[in-house]
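Reader: I would like to work through this model step by step. Could we start with the contact between the chains?

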Amino acid sequence: MKTVSETTTTVKKTKTKKKIDRVESSLKESTRDLSLSKFKSGAVVAVVLFVVFGLLNTLFEGKSVAKLPFHPITLVQKMSHRGISGDDATDCSMAFLYLLCSVSIRTNLQKFLGFSPPRGAANAGLFPMPDPKTN
Amino acid sequence: MTKSVKSNAAKQKQQQQEQHNGEVPPFNYSKLLDPDASWDKDQLGDVLHWIRQGAGLLCGLLFGSIPVVGALWIVIFLVLSSAIVYGYYAIILKVDEEDFGGHAALLQEGLFASFTLFLLAWILVYSLAHF
């Protein structure tokens, strides 16, 4: 037969569990809303970058914009020597320089301004992981 | 001397307790060279990231100005920047890497961005200064 104190403890545990469930479901909803708004702004950024890349491509097509101080591997040459005539592997195309600028400057700017995603949050958002707590 | 050692240990214990309570230890520049300071994982990660970016930019500018050519210098940069980061967290800060996810987690902090920044700086300085 359960004592009064055991019953009180059980009731408290149930209340705490319900509170946790409520907070978790509210967190999931907020995460979903955040992912949706990030998706919308991400789409606008993608369109702008696409247009900018297309414009730069038109302006610098076939031209070598820089000289590489090394011979890139074949896989990298496909991008670094894209659209350039001749066999000199150290000729650098706009696409490769654009990629380098894009990765280095965007990552650091995001970090500097505080917009970088938190560590380990890559999989959160649109596709939430299944709840490990199963009852 | 004994009093200051005791007060340092007490301070560290208090900071660790605050961390256990969920509070992030405040960041100030004085703790960059302080081996007794307690570090939050994100704060340490950010510091290591910026150290790598600085090393990447510096190496890129230097290699482009000299100039040096050859893919070997990419390997030299990777080894050098990793050594700088390792030296900072293991020797200057003396942090226990197990608390922060191991050597791999600390060494890969900002690696790709610093690599691209290094290449960008190297290529630009080399092309502009010598062609």
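Reader: Which residue of chain A meets Asp46(B) in a salt bridge?

Author: This is a predicted model. The side chain of Asp46(B) pairs with a lysine of chain A, with N to O at 3.1 Å. That is inside the 4 Å cut-off for a salt bridge. The partner is Lys111(A).

Reader: Why does this pair join two chains?

Author: Asp46(B) lies in helix α2 of chain B, residues 41–65. Lys111(A) lies in another chain, so the pair joins two chains. The element that holds Lys111(A) is helix α3 of chain A.

Reader: How many salt bridges cross the interface of chain A and chain B?

Author: The rule finds 5 residue pairs in polar contact across this interface. For salt bridges across the interface of chain A and chain B, the count is 1.

Reader: Which element gives the largest share of the side of chain A that touches chain B?

Author: Two elements of chain A give two or more residues to this side: β1 (66–67) and α3 (94–113). The largest share is 10 residues. It comes from α3(A).

Reader: How many residues of that side of chain A are nonpolar?

Author: The contact takes 16 residues from chain A and 24 from chain B. On the side of chain A, 3 are polar and 3 are charged. The nonpolar residues number 10.

Reader: What is the area buried between chain A and chain B?

Author: The size of an interface is often given as the accessible area lost when the parts come together. Here carbon and sulfur atoms give 74% of that area. The area buried between chain A and chain B is about 1700 Å².

Reader: How far apart in sequence are the parts that Asp88(A) and Lys67(A) tie together?

Author: These two form a salt bridge, with the closest N and O atoms 2.5 Å apart. Asp88(A) lies in the loop between α2 (74–80) and β2 (91–92) of chain A, and Lys67(A) in strand β1. So the pair ties together parts that are apart in sequence by 21 residues.

Reader: Which residues are linked with Lys67(A) in a network of salt bridges?

Author: Lys67(A) and Asp91(A) also meet in a salt bridge, at 3.1 Å from N to O. Both Lys67(A) and Asp91(A) are buried. The residues linked with Lys67(A) in the network are Asp88(A) and Asp91(A).

Key. Residues numbered from 1 in each chain as written. Chains lettered and ligands numbered in written order. Predicted model: local features only at pLDDT ≥ 70, side-chain atom pairs only at ≥ 80, totals over all residues. Heavy atoms only, no water. Contact = heavy atoms within 4.5 Å. Buried area = accessible area lost by both parts, 1.4 Å probe. Polar contact = N/O pair within 3.5 Å; in protein donor to acceptor, adjacent residues only side chain to side chain. Helix = DSSP H or I, 4+ residues; strand = E, 2+ residues; numbered from the N terminus. Nonpolar A, V, L, I, M, F, W, Y, C, P; charged D, E, K, R; others polar. Buried < 20%, exposed > 50% of the residue type's maximum accessible area, 1.4 Å probe, protein only.
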